[in-house]
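Take each topic in turn and find the residues as you go.

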Amino acid sequence: FAMIMQFLIITYNTITGFIRVESMTEFLFRVAYGTLVSTILGLLIIWPDILVINRLNNKVPWNRAILKRVALQAFLAIVIATVISVTGTALVNLIHRYTDELPRILFINASIASVVNLLLMAVLEAAVFFRQNRRSRLKNEKLLQELSEIRFEMLKTQINPHFLFNSLNVLSGLIEQDTRKAQSFIEAFAKIYHYVLETIEKQVVTLEEELKFARSYIYLQQIRHGDQIGFTVNLAAESLRMMLPPLSLQIVLENAFKHNATCAGQPLIITLTNEGNWLLIRNVLLPRKSVTPSTGIGQKNLSRRYAMICGELPQFGIENDQYLVKLPLIPCEN
């Protein structure tokens, strides 16, 4: 590009008589010399041009103030071109003095550089836009694929054969012993799977919805284990309107039952509280004597879903002889 521009400029200057070229060798030398200088100056111009584009994309994006963006970007393109052109011309003049008046050469080179840089800025703007658009498209495709995988894993987790088998066994016993309680069990069981099917495609739900689901889930466990399970909720009213990924509580509660024993005299107590924008789920530690090693898939999927929705991630750990899970609560406006 630089060679073509130099060829055209020198040809035009020769034809108009602005410069005198005695031979083809001198013409080619001028083209080669001008190309080298133009390439160096071009590289010096491109770097600040890209910085300007990136800065303006953050401060004055195209979708907010088009006229202001055009005027500001054009002004900065001319300033950059003028400064680098004048500096480069002055340095070249020190090495090999121009025969014409220096101010005139400075003005002509600055004018040419400004026009070229305006075109260059437009090309760079298009290249940056294309690159960012391509990057965003690839990111969206990756996120959609990841979200599909997460939902598939979630669905496999919720349709747990052990949970179904145990629940149906409990229901079978209740039908013979207490038909009213069996009816309540069926209603809670239906609510759980209705909630799963209803929310599996959603990114977030309110804490109030999750809490209703959690109460149904705990109710099934309490029918199965009796008073060996305690469930306490102490949440601020405003926190119920905040959001979190669906079935977050199910993952936490399921892990509590999976890794802790339930026995008479030592009930498994689970409490829900909140601190600011965090939901805290605690359970006493009653480790089972034999337990299947945890794969951690549920917690990993939960963390991945949070990463796709907001900047905060869940926290898991032991505090004061209790297992503590902290889930970020997302304000409705976000």
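**A quick tour of the model**

In this predicted model, K326 lies over the face of W278, at 5.4 Å from the ring centre. The protein has nine helices and seven strands. Of its 334 residues, 36% are buried.

**Aromatic rings**

- A pair of aromatic rings is described by the distance of the centres and the angle of the planes.
- Rings pair if their centres lie within 6.5 Å, and by this rule there are four aromatic pairs.
- Y195 belongs to helix 6 (residues 179–199) and F213 to helix 7 (residues 207–225), so their pairing ties together parts that are 18 residues apart in sequence.
- Are Y195 and F213 buried or exposed? Both Y195 and F213 are buried.
- Y195 and F213 also belong to one aromatic cluster, together with Y217 and F257.

**Helix 7 and helix 8**

- Two packed helices are described by the angle between their axes and the distance between the axes.
- The axes of helix 7 and helix 8 (residues 248–259) come within 9 Å of each other and cross at roughly 25°.
- That angle makes helix 7 roughly parallel to helix 8, because angles under 35 degrees count as roughly parallel.
- The crossing of helix 7 past helix 8 is right-handed.
- Which residues meet here? From helix 7 come E210, L211, F213, A214, Y217, I218 and Q221, and they meet S248, L249, Q250, L253, E254 and F257 in helix 8.
- Look again at F213, Y217 and F257: they take part in this meeting of helices and are also members of the aromatic cluster.

- You will find Q322 in strand 7 (residues 322–328).
- Q322 has a relative accessible area of 24%, so it is partly exposed, as this value falls between the 20% cut-off for buried and the 50% cut-off for exposed.
- Leaving aside residues up to four places away in sequence, Q322 touches R282, N283, V284, L285 and G317.
- Q322 and I269 are 53 residues apart in sequence, and their C-alpha atoms are 10.0 Å apart in space.

**Contacts across the sequence**

- Among the protein's contacts with a separation of 6 or more, 71% are between residues 24 or more positions apart.

How values were computed
Residues numbered from 1 in each chain as written. Predicted model: local features only at pLDDT ≥ 70, side-chain atom pairs only at ≥ 80, totals over all residues. Heavy atoms only, no water. Phe/Tyr/Trp six-rings, centres within 6.5 Å; stacked < 30°, edge-to-face > 60°. Helix = DSSP H or I, 4+ residues; strand = E, 2+ residues; numbered from the N terminus. Buried < 20%, exposed > 50% of the residue type's maximum accessible area, 1.4 Å probe, protein only. Lys NZ or Arg CZ within 6 Å of the ring centre and 35° of its normal. Axes fitted to C-alpha atoms, helices over the stretch in contact; angles between N-to-C directions. Parallel < 35°, antiparallel > 145°, perpendicular 65-115°, else oblique. Left-handed = near helix turned anticlockwise from the far one by under 90°. Contact = heavy atoms within 4.5 Å.
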